[in-house]
Amino acid sequence: MAKFVTIGERIHCISPAIRRAMDNKEPEAILKRAKEQIDAGATYLDVNIGPAESNGPELMKWAVELIQSNFDNVPLALDTSNKAAIEAGISVYNRSKGKPIVNSADAGDRMSNIDLAAANDAIVIALCSNGPIAADNDERMMHCQNMLEHGMELGMEAEDLWFDPLFVVVKGMQDKQMEVLECIKMFSDMGLNSTGGLSNNSNGMPKNIRPIMDSALVAMAMMQGLTSAIVNPCDQRLMETIKSCDVFKGNTLYADSYLEL
Amino acid sequence: MPFNRKAHKFNASINEVEIGTGDKAIKLGGENTFPFYSFDGSLGSGPKIGVEITDLGLDAEPEGVKAYYAGCNTIGEIAKKAAEMPGGDFVVLRLAGGDPNGANKSVDDLVAVAKEVADAIDTPLVVEGCKNVEKDADLLAKVAGALQGKNILVMSAKEENYKAIGAAAGLAYGQKVGAESAVDINLAKQLNVVMTQLGVPASSIVMNTGSAAVGYGFDYTISTFDRVRAAALGQDDKMLQMPIITPVASETWAVKESTAAEEDADEGWGPVEARGISMEVQTATACLVSGSDAVILKHPESVKTISRLIRELV
């Protein structure tokens with residue numbers, strides 16, 4: 001089994017520092033967060049530029065080239081609702097360390113992002129939803145099947161569709177947590193890759209609690225077969241948990257210094 | 001339905017480690033597929049063969065080895081002849097005489113031997129210690145210093161002495177370092193981690209993950225190779241992507257199949273020399289097909305046979 005793939009979530013235009021950097025094309029804040037996440041062990045970095053309606057393609061190109069040229073072509077997830085921006089990003093993307101990830105498609109309005117991934121030999125994150133959170137796992141799996149078939153009809157390899165069950169917040173949706181975990185097991189039983197915004201579970205909790213909840217959930221989700229997650233890699237407890245679970249699963253070979261790698 | 005061949009590609013490769021200088025320098029490793037799977041990927045420059053000599057001279061050597069070196073009187077002459085052995089790529093000097101429980105030669109004497117050997121040859125040189133961890137820490141550090149600029153491979157840094165040997169050979173004198181573990185895959189990885197943390201570049205490290213003669217716990221040796229390679233290529237584990245070098249001769253020529261005289265052996269065993277060569281060839285072949293990037297041999301017949309095997313398969 002391959003090592004769990006962490007996608008670092010901290011280059012996000014919702015952060016004021018990143019927002020400013022993107023508005024003014026100032027590299028420092030973006031490079032700083034890229035470095036922190038890579039040093040902390042992130043495999044992929046998510047680059048969220050928001051809808052970027054006025055300058056999406058140009059902004060995504062700038063961000064992709066900036067980050068990849070400074071960090072040895074670190075692989076990236078291109079995160080925006082602006083399709084032209086994703087395509088522009090891929091046009092300058094260097095694949096030597098991994099395919100680009102299109103973040104994201106769903107089974108509703110955003111189905112066409114699977115076409116975009118297929119046309120560009122990219123990975124796509126496929127949200128098992130057609131807008132609202134799915135009512136149950138029957139619905140999640142229906143969306144999963146539809147997106148999988150769509151991707152394969154377009155010539156994609158099944159492994160390039162990373163299914164996202166949509167992690168839900170504990171405060172408010174505590175009764176749905178096991179359902180999400182069971183969904184991951186269904187993906188895994190079908191041999192599919194999976195990912196998701198795992199830290200969503202702890203939204204609204206005190207800051208000191210969140211790493212504990214996120215770590216517990218990632219361990220349970222990895223047991224179910226989750227192969228990736230979009231996380232804050234600077235959360236040390238979470239990364240230590242992921243590395244330890246990778247050892248138990250045989251995804252990495254144990255050495256006494258495994259936490260330092 | 002037509003057969004569609006699908007290559008098994010890895011997004012990883014084994015590091016390429018150069019030893020020696022000038023035209024005769026060689027590269028160990030560099031492959032991005034399983035041993036001899038040239039139909040799936042690159043084998044780098046292919047497996048290499050080292051020719052072993054020791055500071056203890058030729059008295060205890062098998063007849064075929066003695067015959068090959070006939071007329072050589074000094075270690076320099078022996079080294080020169082070893083470098084010329086058909087099929088060999090590099091010379092391995094094993095400083096067995098340093099063993100405090102054996103000849104217990106002084107570090108200075110052994111450094112002088114190493115210098116004489118290095119000066120006599122232009123092929124790459126690998127220097128092995130005497131297997132005593134304290135003595136080797138001192139001895140190999142001094143050898144690394146004395147042979148600075150020759151780009152030798154110093155074997156071996158172990159868990160107990162990697163700091164001294166790694167710091168001297170890998171850092172201070174810019175040589176290549178062999179990291180030795182004994183069929184312990186977790187330790188093999190750990191040694192690479194701590195050596196790189198010490199500052200030795202990953203591209204300067206070669207691994208000896210353990211060695212045995214066929215029939216002597218050998219299955220552990222090759223299952224270690226298998227697991228190292230599976231992690232290095234399949235999981236892109238950077239701390240296991242060092243090429244593997246395996247001393248074969250020192251193991252196979254020490255077991256009874258290779259040493260028992262015909263009259264003492266079971267019926268049907270045949271002449272001792274042929275048995276010794278057979279053990280060496282079988283062990284080396286099994287190592288190479290399981291992941292060794294270099295094997296260390298000593299009998300000219302074995303070197304000839306294994307080099308032909310490599311030539312035909314690469």
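Student: Which residues of helix 5 of chain B are buried?

Tutor: This is a predicted model, where local features need pLDDT of at least 70, side-chain atom pairs count only at pLDDT 80 or more, and totals for chains, interfaces and linings use all residues. Residues are numbered from 1 along each chain as its sequence is written, while chains are lettered from A and ligands numbered from 1 in the order in which they are written. Helices (H or I, at least four residues) and strands (E, at least two) are DSSP runs, numbered from the N terminus, and buried means 20 or more other C-beta atoms within 10 Å of the residue's own, with C-beta atoms placed from the backbone. For helix 5 (residues 162–172) of chain B, that gives B:Y162, B:I165, B:G166, B:A168, B:A169 and B:G170.

Student: What do those buried residues of helix 5 of chain B pack against?

Tutor: Contact here means C-beta atoms, placed from the backbone, within 7 Å. On that basis the partners in chain B are helix 4, strand 6 (153–157), strand 7 (176–180) and helix 6.

Student: How many bridges join strand 6 of chain B to strand 7 of chain B?

Tutor: Two strands pair if DSSP finds at least two bridges between them. B:V154 stands opposite B:V177 in strand 7 of chain B. Strand 6 and strand 7 of chain B run parallel, and the number of bridges is three.

Student: And what is the strand order of the open sheet in chain B?

Tutor: Its edge strands are strand 8 (205–208) and strand 9 (245–247) of chain B, each pairing on one side only. The sheet has eight strands with parallel pairing, in the order 8-7-6-5-4-3-10-9.

Student: How are helix 3 and helix 4 of chain B oriented to each other?

Tutor: Axes are lines fitted to C-alpha atoms, for helices over the stretch in contact, and angles run from 0 to 180 degrees between N-to-C directions. Helix 3 (residues 107–120) and helix 4 (residues 133–146) of chain B pack at about 40°, with axes 9 Å apart. Under 35 degrees counts as roughly parallel, over 145 as roughly antiparallel, 65 to 115 as roughly perpendicular and the rest as oblique. Helix 3 and helix 4 of chain B are therefore oblique.

Student: Last one: is B:M279 buried or exposed?

Tutor: B:M279 lies in helix 10 (residues 272–290) of chain B. Leaving out residues up to four places away in sequence, B:M279 touches B:A213, B:V214, B:T252, B:V255, B:E257 and B:S258. With 27 other C-beta atoms within 10 Å, B:M279 is buried.

Note on methods: A residue is buried if 20 or more other C-beta atoms lie within 10 Å of its own, exposed if 12 or fewer, and partly exposed in between; C-beta atoms are placed from the backbone. Two residues are in contact if their C-beta atoms, placed from the backbone, lie within 7 Å.
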